[in-house]
Amino acid sequence: MRKWLKRWKNMRLVNRLILMNTVLISIPLIISSWISSIGYSNSIQANVGRYQADVVREFTANTDAFMNELVLLSVTPYQSPELLNYLEQSGTDHLNGDIYDQRLLLESFVRRILVNGRVDVAGVSLLSSHARSYVELPDSPGRFAEAADQDRVVPAGAEVTGKGYFAAPHSLLSDNGSTYEVFSIIRQIRSLENGRPLGTLVIDVPKEALIQRIRNLESSQTSAFAMVDQQGNYIYRSPSFALTNQVLASYRGEGTLTLDNNGQPVLLTYQTSPVTGWTVLQAVPLSVLLQDASRINQQMIWLGGLCLILSVLLSVIHSMRITRPLSRLRDSMKLVERGQFDIELPARNTDEIGHLSRAFNMMVSRLGQLTYRLYETEIREKNAQIASLQSQINPHFLYNTLGSISMYAELEDNREIVQMTGHLSALLRYSIGGEHTDVTIAQELDHVQGYLAIQQIRYGERLSYEVNAPEEWLNCPIIRLTLQPVVENAIVHGLERGRGDVHIIIAVRREAGSMQIIVQDNGPGMEKQELADQYDKMNKGVLPEGPGGHGLVNVHRRIVLRYGQEYGLRLYNLEQGGLQVKICIPFS
């Protein structure tokens, strides 16, 4: 979160204005469009759901009207006292009776059902366990029932009760060898006196009569109907019925809900018939219902997108008109930072930016005059400081060297004094006789090696050194007398104030666009407080009191005055003991 806030704060003003205006315009537009779309879709879905429930109720009522005719036919036995008396005979009385009279009675009853004039009945079966049964199958003459007829005319799983049971369409094998698709109403005939079961009446109706009636009720091409029995098995299903692999037996009663059908939402309305126990279902894909809503939503999206583009365009134009003068002012200030003072901003307007531009022009004019004066004064001061610093280094070194020669002459009368004098002459010529302040690294290393040769004569085997300098960097320029004071500091702190032998390493390397000359010794190093004090002296340019301690401060100040604060001396204590001094100068 902080990272994003930081990016926002550092973003250009014009980008922030454009982004903020875009967000403030797009968010309300998107939210209002989204709410309108959802509200419109929900309204359509609710209205269609109510309309669909009315259609399903009407559909079920029309079907039930047809089924009630079958219910009336199934109670025909109670309207025939002769038939009830026949069925109530028990024992073997029916076997001793006149078979012809019994046949006439049963045929007369069956004929009344077949020629009812309201329903096209395909077959009638009257079954009894204690009286002769009679069946008349589709396209077959009537006859007394046989033992196998019970399983033929009563479908498996049918419930035989006194209320009547509608069996879903099934296959019925007739006596002529043909198979017919029928649905049936099955009712148990009971005694009016004691409710004892007397027999079972099965009325078969061609399946096509029901299917054709359902098809006549289907009016919408966008919706699809289905009818399932008590176990959820399909009685009828429109070719376009959307639901697949659904447990439809669980939908009993009346209701409307939305189902997921293989990733496609479907609005399902169902109602169970109180007459047949069958359930009528109507399914409409929501994609069909919401076609108009989708089209309107697309139009709203296009309109909203057009408004958003126009708003953003106007926001960009307005933001750039505000920020363009500020950008010119920013660019002009960058040029002033680089030292260009001949700049003048146009100040035509009288608003805040116009006043700011006029004030900027006046400031740049005055700043140019002051900068020229300050630059001239600074150049003079730097030249004076450099001359003063060099004059401090040369006499100090001459004093120390002459002291060493005098001490050695008192102790040893030897030809080595001649060598020391020769090296001393070269050092003096290098320090005093140069007309230019810049030399090469190779010249500075030769000067330091002459100085170390003199010190080796003085200290003998206690002092050793090595120089690692790649040849490709030896011609790089460096300020004269930069390296010798640092080496002198290592000898003074390592030998004169320390104990044991001192080994000095001088290395030249390039790192990150700068040249580094490293002087490293194995002396006692510096304490943390002493190191901090030394840094403070070098940064402030304060020379320590007394005859010593000028070398590092002088070298550091000369480099900083010449190249800037990012260059100079860096001091580090080594873990194995000793001090490492890095001389950082620009690489060229």
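How many aromatic pairs does the structure hold? The structure, a predicted model, holds six. Rings of Phe, Tyr and Trp (its six-membered ring) count as a pair if their centres lie within 6.5 Å; planes under 30 degrees apart are stacked, those over 60 are edge-to-face, and the rest are tilted. F59 and F225 form a stacked pair, with 4.6 Å centre to centre and 10 degrees between the planes. This pair links distant parts of the chain: F59 is in helix 2 and F225 in strand 7 (residues 224-228), 166 residues apart. Helices (H or I, at least four residues) and strands (E, at least two) are DSSP runs, numbered from the N terminus. F59 counts as buried, at 3% relative accessibility. F225 is buried too, at 2%. Here buried means under 20% relative accessible area, exposed over 50%, and partly exposed in between (1.4 Å probe, protein chains only).

Y251 and Y270 form a tilted aromatic pair, 5.4 Å centre to centre, with 45 degrees between the planes. Y251 lies in the loop between strand 8 (234-237) and strand 9 (254-261), and Y270 in strand 10 (residues 264-272), so the pair ties together parts that are 19 residues apart in sequence. Both tyrosines, Y251 and Y270, are buried. Ring pairs also link F166, F183 and W278 into a cluster.

The model is predicted, so local features need pLDDT of at least 70 and side-chain atom pairs count only at pLDDT 80 or more, while totals for chains, interfaces and linings use all residues. Residues are numbered from 1 along each chain as its sequence is written, and side-chain values use heavy atoms, with hydrogens and water left out.

Salt bridges come next. The count is nine, a salt bridge being a side-chain nitrogen of Lys or Arg within 4 Å of a carboxyl oxygen of Asp or Glu. R143, D149, R152 and D175 are linked in a network of such bridges. Within it, the side chains of R143 and D149 meet at 2.8 Å, N to O. R143 is buried, with a relative accessible area of 18%. D149 is buried at 0%. D175 forms a salt bridge with R152, the closest N and O atoms being 2.8 Å apart. This second pair links distant parts of the chain: D175 is in the loop between strand 4 (165-173) and strand 5 (179-190), and R152 in helix 6 (residues 149-153), 23 residues apart. D175 is partly exposed, at 35%. R152 is also partly exposed, at 28%.

D438 and R562 meet in a salt bridge at 2.9 Å, N to O. D438 lies in strand 12 (residues 438-440) and R562 in helix 15 (residues 551-563), so the pair ties together parts that are 124 residues apart in sequence. D438 is partly exposed, with a relative accessible area of 37%. R562 is partly exposed at 32%.

The largest nonpolar core has 42 residues. A core is a set of buried Ala, Val, Leu, Ile, Met, Phe, Trp, Tyr and Cys residues joined through side-chain atoms within 4.5 Å. Helix 12 (residues 441-459) gives the largest share of this core, seven residues. Apart from it lies another core, of 40 residues, among them L83, L87, F109 and L114. Among the residues with the most contacts inside the largest core are L483, V487 and L569. L569 touches residues including Y535, M538, L552 and V581, not counting residues up to four places away in sequence; contact means heavy atoms within 4.5 Å.
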